[in-house]
Structure formats: C-alpha cells, structure tokens
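Thanks for passing this one along.

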Amino acid sequence: TYCQEGLNKMDVNALLDKAKKARSIPTDLALAEALGVSRSSVSNWRHGKNLPDPVQCAALARMAEEPLNVVLGTVGEARAISTAEKKVWRTLANLG
C-alpha cells in the first residue's frame, strides 16, 4: 500500500531507498547500474530535477516490491503541479 513499512507517505526518495534495501544495494551508483541508468539520473530523481519514466517506474516497482500503481502514483504526484492533479495521482497510488 501507499503507506507501507512506516512511511507516512511514500515519496521518490523513500521509493529509491526501499528498492535499495529490498535488493541489498548499498549505493545510488549500484542502484543506477541495476536500473540501467546513470548515477546522475538517480541523483536528479532524488533532487526532483527529473523523475523516472514509466518503464523505469516498472523496474523500480519490481525492485522495491511495490505494486506498479503505487510507484506510478508516487512519481506522478511528484511530477504534478496542481493540487487537483496531485490528488489524482495520490488516488492512483492508494488503489489496491
């Protein structure tokens, strides 16, 4: 679910950390390599400069052992600008 394992609200950083923990990946560099992206991509995701695309979200969902709707909703909410759009993405993340 969206609020799993003590996370009040999953955000992109929590998702990345969960994927690392679930796969015993020690660093963001190793996570980037596992995802087939650059370390700077993961860094940009952490700092909100860019966000994973849907294919990368699917890989993150598998790695973090989270349903795809949670990951897509989390990333979509982070990407959204308006409150109404954020609410739609949050609803998606809470489905299931």
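**Notes on the predicted model**

1. Both E66 and K18 are buried (under 20% relative accessible area, with exposed meaning over 50% and partly exposed in between; 1.4 Å probe, protein chains only). These two residues form a salt bridge whose closest N and O atoms are 2.4 Å apart; the term stands for a side-chain nitrogen of Lys or Arg within 4 Å of a carboxyl oxygen of Asp or Glu. The pair links distant parts of the chain, since E66 sits in the loop between α4 and α5 while K18 belongs to helix α1, 48 residues apart. Do have a look at this pair.

2. A word on the ground rules. This is a predicted model, in which local features need pLDDT of at least 70 and side-chain atom pairs count only at pLDDT 80 or more, while totals for chains, interfaces and linings use all residues. Residues are numbered from 1 along each chain as its sequence is written, and side-chain values use heavy atoms, with hydrogens and water left out.

3. How far can we trust the prediction? The mean pLDDT of the protein is 88, and 90% of its residues reach 70 or more; pLDDT is the predictor's confidence in each residue, from 0 to 100. Please treat residues 1–8 with care: pLDDT stays under 50 there, and the model has 15 contacts beyond four places in sequence for this stretch. Contact here means heavy atoms within 4.5 Å. Helix α6 (residues 83–94) has the lowest confidence, at a mean of 92, and α2 the highest, at 97.

4. On the overall fold, the protein has six helices and zero strands, which gives the pattern α-α-α-α-α-α along the sequence. Helices (H or I, at least four residues) and strands (E, at least two) are DSSP runs, numbered from the N terminus. Of the 96 residues, 38% count as buried. Among contacts between residues at least 6 apart in sequence, 48% join residues at least 24 apart.

5. Which residues have the most contacts inside the largest nonpolar core? They are L16, L31, L35, V42, W45, L60 and V71, in a core of 23 residues. Such a core is a set of buried Ala, Val, Leu, Ile, Met, Phe, Trp, Tyr and Cys residues joined through side-chain atoms within 4.5 Å. At least two core residues come from each of α1, α2 (28–35), α3 (39–46), α4 (54–64) and α5 (68–79), and α4 gives the most, with six. L31 touches L16, A19, K20, I25, V42 and M63, not counting residues up to four places away in sequence.

6. At the N-terminal end, D53 caps the helix, with a side-chain oxygen 3.0 Å from the backbone nitrogen of V55. Just after α4, E65 takes a positive phi of about 60 degrees.

7. The structure holds six salt bridges. D17, K20, D28 and R46 are linked in a network of them. Within that group, D28 lies in helix α2 and pairs with K20, the closest N and O atoms being 3.1 Å apart. K20 counts as buried because its relative accessibility is 15%. The side chains of D28 and R46 are also joined by a polar contact of 2.7 Å. For this term, the requirement is a pair of N or O atoms within 3.5 Å; within protein, one must be able to donate a hydrogen and the other to accept it, and residues adjacent in sequence count only if both atoms are side-chain atoms.

8. R90 and E77 meet through their side chains in a salt bridge (2.7 Å, N to O). R90 lies in helix α6 and E77 in helix α5, so the pair ties together parts that are 13 residues apart in sequence. Buried or exposed? E77 counts as buried at 5% relative accessibility, whereas R90 is partly exposed, with a relative accessible area of 32%.

9. Finally, A22 has its place in helix α1 (residues 12–22). A22 counts as partly exposed because its relative accessibility is 31%. Leaving aside neighbours within four places in sequence, A22 is in contact with M63, A64 and E65. A22 and R62 are 40 residues apart in sequence and 9.8 Å apart in space, C-alpha to C-alpha.
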